[in-house]
Amino acid sequence: MKKTTKAIWNVGLIAALLILLFLLEQVLPSSSMLFMVLKKGAIYALVAVSMNLLNGFTGLFSLGQAGFMLLGAYTYAILTIPVESRASVYQYFDGGIVQFSIPVPLALIAGGIVAAVFAFLIGLPVLRLKSDYLAIATLGFAEIIRAVFQWDKLGPLTNGSNLLRNFPTFNSVLYPFIVAGICIGLIVLLINSTYGRAFKAIRDDEIAAEAMGINLAHHKQLAFVISSFFAGVSGGLLAMYQTTIQASMFRSSMTYEILLIVVIGGIGSITGSCIGSFLFIACSEWWLRFLDNSNLYIGDFHLTFMRPGFRKVVFSIIIMAIVLFYRKGIMGDREFSIEAVQKFFRKRFKKKQTVEGGSSHE
Amino acid sequence: MEWITKNLPYLMAGISVGGQYALIAIGYTMVYGILRLINFAHGDIFMVAGLIMVYAVTVMPMPLAIVLVIAATVALGFFVERAAYKPLRSAPRMSVMISAIGVSYLLQNLALYITGGLSQQYPAIPWLSDTVTILGATTKRVTLVTPVLTVALVVVLVLLIKYTKIGMAMRAASRDFETSQLMGIKLNSVISMTFVIGSFLAAIGSMLYFTNYTGVTPTAGAMPGLKAFVAAVFGGIGSIPGAVIGAFIIGICENIIKGLGWTTFSDAFTFALLIVILIAKPTGLFGEKAIDKV
C-alpha cells in the first residue's frame, strides 16, 4: 500500500471513530456506563502508551507513572480553579497563594511540563540504575511525591491532604479522545523517528547501541522526560474526569494497573496499549459488574459467593491467566493497521484458493 | 535523662518495627539472591498471614491458631511460587516481576472480597500484647520481644545456610544458577525452600507487627513490604545480615522522624534513603559487586 493511501485510510478511520462517538452521544443518555468507560479508557490509553514508550520501546522499567500523573493533575487543578472559588476550596489556607487561573489547554500542557521537569531532575541520578533497581527507585520517587503533596506546610499551594475541586471539567466524551489522540499521535511520530529507532536499539542491546554511537544517557533521559510529560497530561485529564483530586488517589496500585494494561495490550505495541486500556477499564468497571450482584440466582440456588468485590477477584484471576499463559498480550509487539488486517484476510483467502485449485504458483 | 524518657518510646518502637521489617526483608533478599526477582507479592503474603490469624482465632484456641497461621502462610508462599513463578522460569526477568505484581493484585482483591474492605480487628495475643513499663515508658511486651526473637531467628537461619546441605545448595544457586544445576542441585526444591523460609518468617513478622497495630486491611502489607524491600536493598540485596541491619536502621530512623513531628515524611524518608543508597552504593552495605560480562 502506498504511503498516501495509508494516510488517507488512517485519517478516515479516525474521522469515522469521532463521528461515531459524536452520534453515540446524541443517541444514548449521558449517564450510560459506556461513556464512563470510554472517557476513562482514553485517559488510561494515553498514560499506558506513555509507559509503553519507556518499558516497551526503550527498555527502561519505570514504575513512577502515578507520581507523574499526580504532578500533572495537581498542576492542572491548581492553575485552573477559578479565582472566585479559591476561597472555598482552600478554606483552611486562606484561599491559597495562587490567585490567578489560566485557560484549560495551557494548564494541561503546564501539567505535562511540570511532570517533565521533575522527570528530568529525578532522571539525572536514577537512570543510571539497571532494570529492577530503576523500577524500585522510580516507585519510591512516586511515593515521595505523594507524601510531599500531602504535607501541611505546602497547604497554600496543594491544599494539604484535602480535596482540590471546582476546576473546569469536560462533559463530552470527544474531549479526552481528541486530547489523548493528539498526544498518542505525537508519541507514534516520535517512535517512528530516528529517536524512536535509537530507543529500540537501546532496548534490544544497550552495549551494541552504545557501540553504534547512540548516546545512552541522553536518549534514556529523553525517553523518560517525554514519557513523563504525557503522563502529566493524562494526569490533568484524569483530574478533569474525576472532578476532584486528592494526593492519596495516586497510589502505587495505580501504576500497577497501568503496567497490567501495558502487559495485556502487549509490551511494545501502541495500539495494543490502547485496546488493552479500553478492555481493562470496561472489564473492571462495567462488564464484570454483574458479579457484584449479591441477589443472583441460578434456578433456586442462591449464588452466595457473589457479593461486592467478587468482580475484582475474577478480574485479577483473568489477569494472572494472561500474565502466565498469554505472555505476549493481545497484540504482542505488532501494531493494528488496515494493512495488517488486509494482509491477514488476503492470506486466509489465498490459502483457501490454493486448497481449492490444487497447486497454484504465483 | 529527661531527653531519654521523652525519646525512648520512639527508639523502642523503632527497634521493634525494625525487627519486624527485618523478618519480612529476609524473604525479599533470599528470593532476590536466587531468582533475581523483586517478589512484590511478599508484602501481601504478610498481610494474608494477618488475616488468617483474624479468622483463625474465631474458631480455635490461640496456640492452635498460631500454628495454623504459620502453616497456612508457608503453604501460600509455596503455592504462589509453584503457580506463578515456576512456569516463567525461562521467561525474561520482567515477566516474572509482572507476574509478582499480578499475584499482589490478586491477593489484595481476594482480601478485599473476603473482608468486605473493612479493617479487621487483630486479636490480642496473650503475653505478647501485655503492657510493660521500662524507664517510665509504657509499651507492649511485643516491642521488647521482637528484636530478641528476630536476632535469634536470624542466627538460626544463618547457621542453617552455612552448615546444612540445603543451605549450601542455596548459596550455590544464588552464586550461579546454571552451574549449580549441572552440579546436581535440584533447583526447584531449593527455590521452594527459599519461599518456605521467607513465608515462615513473614508469618512470624505479621504476628509481631499487627499486635502493635489495631487492624488488618487488604493493603496493610503493601507499605511494610516496600519498606522491607528497601531495607534489603540498603543492606545489600542477597545478604541476610545486611537485610537485618538495614531493617533496623530504617525502622529506627523512621520512628525518630515521627518523634520529631514529621510523620508525613516517615515513608518518604525511607524511599529517599533508597534512592540515595542506589546512587551512591548500588550494591548496598554488604552486597557483592556484580560484574557485567559482555
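Two exercises follow, each with a worked solution.

The model is predicted: local features need pLDDT of at least 70, side-chain atom pairs count only at pLDDT 80 or more, and totals for chains, interfaces and linings use all residues. Residues are numbered from 1 along each chain as its sequence is written, and chains are lettered from A, ligands numbered from 1, in the order in which they are written.

**Exercise 1.** Find which helix of chain B gives the most to the side that touches chain A.

*Solution.* 
- Start with the contact (C-beta atoms, placed from the backbone, within 7 Å). Chain B puts in 35 residues and chain A 33 residues.
- Next, list helices (DSSP runs of H or I, at least four residues, numbered from the N terminus). α4 (93–115), α9 (222–235) and α11 (265–280) of chain B each supply at least two residues.
- α4(B) gives the most, with 15 residues.
- Now check burial (buried: 20 or more other C-beta atoms within 10 Å of a residue's own, placed from the backbone). In α4(B), 17 of the 23 residues are buried, so the helix is largely enclosed by the rest of the structure.
- Just past α4(B), Gly116(B) has a positive phi of about 75°.

**Exercise 2.** Describe how α3(A) and α5(A) cross.

*Solution.* 
- Take α3 (residues 65–80) and α5 (residues 104–126) of chain A. Their axes (lines fitted to C-alpha atoms over the stretch in contact, with angles from 0 to 180 degrees between N-to-C directions) come within 8 Å and cross at roughly 140°.

Methods:
Two residues are in contact if their C-beta atoms, placed from the backbone, lie within 7 Å. A residue is buried if 20 or more other C-beta atoms lie within 10 Å of its own, exposed if 12 or fewer, and partly exposed in between; C-beta atoms are placed from the backbone.
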